[in-house]
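Here is a quick tour of a protein model for someone meeting it for the first time. Have a look at the sequence and structure, then read on.

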Amino acid sequence: MKSTLGVCYYPEHWPEEWWAEDARRMREIGLTWVRIGEFAWSRMEPEPGRIDLGWLDRAIAALGKAGLKVVLGTPTATPPRWMLTRHPDMLARDREGRERGFGSRRHYCFSHRGYREDCAGIVSVLAERYGRNPHVQAWQTDNEYACHDTVLSYSDAARSAFRDWLAQKYQSPQALNRAWGNVFWSMDYASFDEIGLPNLTVTEPNPAHVMDFRRFASDEVVSFNRLQTDIIRKYSDRPIAHNYMGRITEFDHFATGADLDIASWDSYPIGFLSDRLEASSEHKRRYLRQGDPDFQAFHHDLYRAVGARRTGGPVAEGRWWVMEQQPGPVNWAPFNPAPLPGMARLWAWEAFAHGAEAVCYFRWRQAPFAQEQMHAGLLRPDSAPAPAYAEAAQVASEIEALGELAPVRAPVALVFDYESAWAWDTQPQGRDFDYFRLAFAAYRALRRLGLSVDMLPPDATDLSDYRLVLAPGVATLSQALRGALQTVGGEVILGPRTNAKTSDFAIPTTPLPPAIPGLDCTVALVESLPPDVAEPLVKGGAIRHWLERLEGAAEVVEATASGQPVLMRAGKVLYLGGWPDDEAFARIIADRCAALGVATESLPEGLRLRDTAGLRFAINYGPEPVTYAGRTIGAADVAWWPR
């Protein structure tokens, strides 16, 4: 696979006489792709029904003439002001019932059917006009579903659609009452029309009600996206992508990905370190200008798996891109430092090492106006090169010299499940219990041991190619995954909280969790621990956040200092009854890998490895050089050599 570079461009922001020169400079530094159009609805359709695409024709022609390939975005993330006059009730409402109004972006409710019809209209116009345009080589639907907390809407449109969704799922109110356990607190419903949204209740709503609302909201995103992909495919055979975000779990990306050819995501390592990652102040200071060493890789591997969804092929071969790559300071995080020299190059090569087809920098030129004017680009507002300009050119040159990269299946895998994120958000039982944090802690432990990792969906059916599979916190094991447990090539570690709920969000009673055939291990009691409390383990490290009391005749592999079993095993399956700290997680995984013949190593601080079919990449997130395998790898640097 040939790696490629691209950039996000907004021709509607700049004088038309600049376009050709911008395109020439893009090609000059080695860019291949240009994403346009995703925010331009008011220019495409200035008034209802009046389409003006002459400017877009000329922009696409100018880019294509320079030899660039266009990714054309549908503009549905930014409905124009006239749309609100047309549909005054299209706005989403927050949990407190307040309208989320016009004046920025993503101001729509996924459930509003009138807005969907207008989205279908503009997508149809674009697809029919550009579906066979030789310069339009890919599509993007909308922009960053869920960004700005926009999946859960408590509007009238959402309530009506939710009732319809429930009626289709349960067929009768009586069946719903049984599934939700509505006998508790006299919550029985006589009609679907009586059911409201799970907000503004006196105290917490029924968790089964909340979970079904979360499933419904995710399904609304999936169907909204499918509306667009179905239209595009009528007129175009070009691949379709959506650009997901970092640490967004509000909708099921695997379900959405089933209708897409390419998964992409928007990578802002320094912004995410400040805005979306729990870490010590020391850790954040050390990686202030680089980003966390594992956060980007986690999403690279996750979206590679999402990118395999449509074809059903191996996750190692899933199609994925970075649609937006941070090139300099962003504008939206609590603090916005500049990257260390070399990071714009490092981030791109890390993505390519994980299988990315393309990395597109955001954006070409820094905008001197509006909300994102403080967000850096490859060019300054005066069109002079910004620091990342030369780094992008360097990456393009290195791509030509290196040639194609081939993916390879990793020896270990991690199961990631969006419904589990909703489950533990609905009923965390401890203020700091968060599914993403738990999955990320497991991933970080694997990476610190020098391992390449594949991510797996929650309905994976074959684990035979993996020596070790982790499935922490998967609330309800799918039938597919339950059956796959015995196919694992080595061992699988479940827990904590794996298979702790039924599909109706109740505790299984016969038998108690984890209820894995052949594993004589029962979770008899659970407790959440405050941040300053730890249960030491006999072999080192400690359990934090969450601890389960395990009973049964399964082999005890790990125990607390007080003698309480915390890791039990029967055959290929192990159950982990707690949340290990970083030291314990790495040690437990290293011990299992040693028993399975999987090589691990203790890497220098900040160094991470990633293998392709023929090369090993060493990526140094640290602010100082490190020595590894007889090589010195500079600060904020990446190196590779034959495996």
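## Salt bridges

Glu-144 and Arg-105 join their side chains in a salt bridge, at 3.2 Å from N to O. This pair links distant parts of the chain: Glu-144 sits in the loop between strand 4 (136–140) and helix 6 (156–170), while Arg-105 sits in the loop between helix 4 (81–86) and helix 5 (113–130), 39 residues apart. To count as a salt bridge, a side-chain nitrogen of Lys or Arg has to be within 4 Å of a carboxyl oxygen of Asp or Glu. Helices (H or I, at least four residues) and strands (E, at least two) are DSSP runs, numbered from the N terminus.

A word on the model itself: it is predicted, so local features need pLDDT of at least 70 and side-chain atom pairs count only at pLDDT 80 or more, while totals for chains, interfaces and linings use all residues. Residues are numbered from 1 along each chain as its sequence is written, and side-chain values use heavy atoms, with hydrogens and water left out.

Searching the whole structure turns up 54 salt bridges. Side chains of opposite charge can pair when their charged atoms come close. Here are some of the pairs:

| Pair | Distance, N to O |
|---|---|
| Glu-144 and Arg-105 | 3.2 Å |
| Arg-98 and Asp-94 | 2.8 Å |
| Arg-215 and Asp-212 | 3.1 Å |

Is Glu-144 buried or exposed? With a relative accessible area of 4%, Glu-144 is buried; the word means under 20% relative accessible area, with exposed over 50% and partly exposed in between (1.4 Å probe, protein chains only).

Arg-215 and Asp-212 are both buried. They are three residues apart in helix 8, so about one helical turn separates them. They also belong to a network of salt bridges that links Lys-169, Asp-212, Arg-215 and Glu-419.

## Strand 18 and its partners

Now for some strands, which pair if DSSP finds at least two bridges between them. Strand 18 (residues 573–576) points Val-573 and Tyr-575 one way and Leu-574 and Leu-576 the other, and all are buried. Its pairing with strand 12 (residues 491–494) is parallel, over three bridges, and Val-492 stands opposite Val-573. With strand 17 the pairing is antiparallel, over four bridges, and Arg-569 has Leu-574 as its bridge partner. The hairpin of strand 17 and strand 18 has two residues between the strands, and Gly-571 there takes a positive phi near 65 degrees.

## Two threonines in loops

Which loop holds Thr-560? Thr-560 is in the one between strand 16 (555–559) and strand 17 (565–570). It counts as buried because its relative accessibility is 1%. Setting aside neighbours within four places in sequence, Thr-560 is in contact (heavy atoms within 4.5 Å) with Glu-535, Pro-536, Leu-537 and Val-538.

Thr-502 lies in the loop between strand 12 and strand 13 (522–528). It is partly exposed, with a relative accessible area of 28%. Again leaving aside neighbours within four places in sequence, Thr-502 is in contact with Thr-476, Ile-507 and Pro-508. From Thr-502 to Arg-363 is 139 residues in sequence and 45 Å in space, C-alpha to C-alpha.
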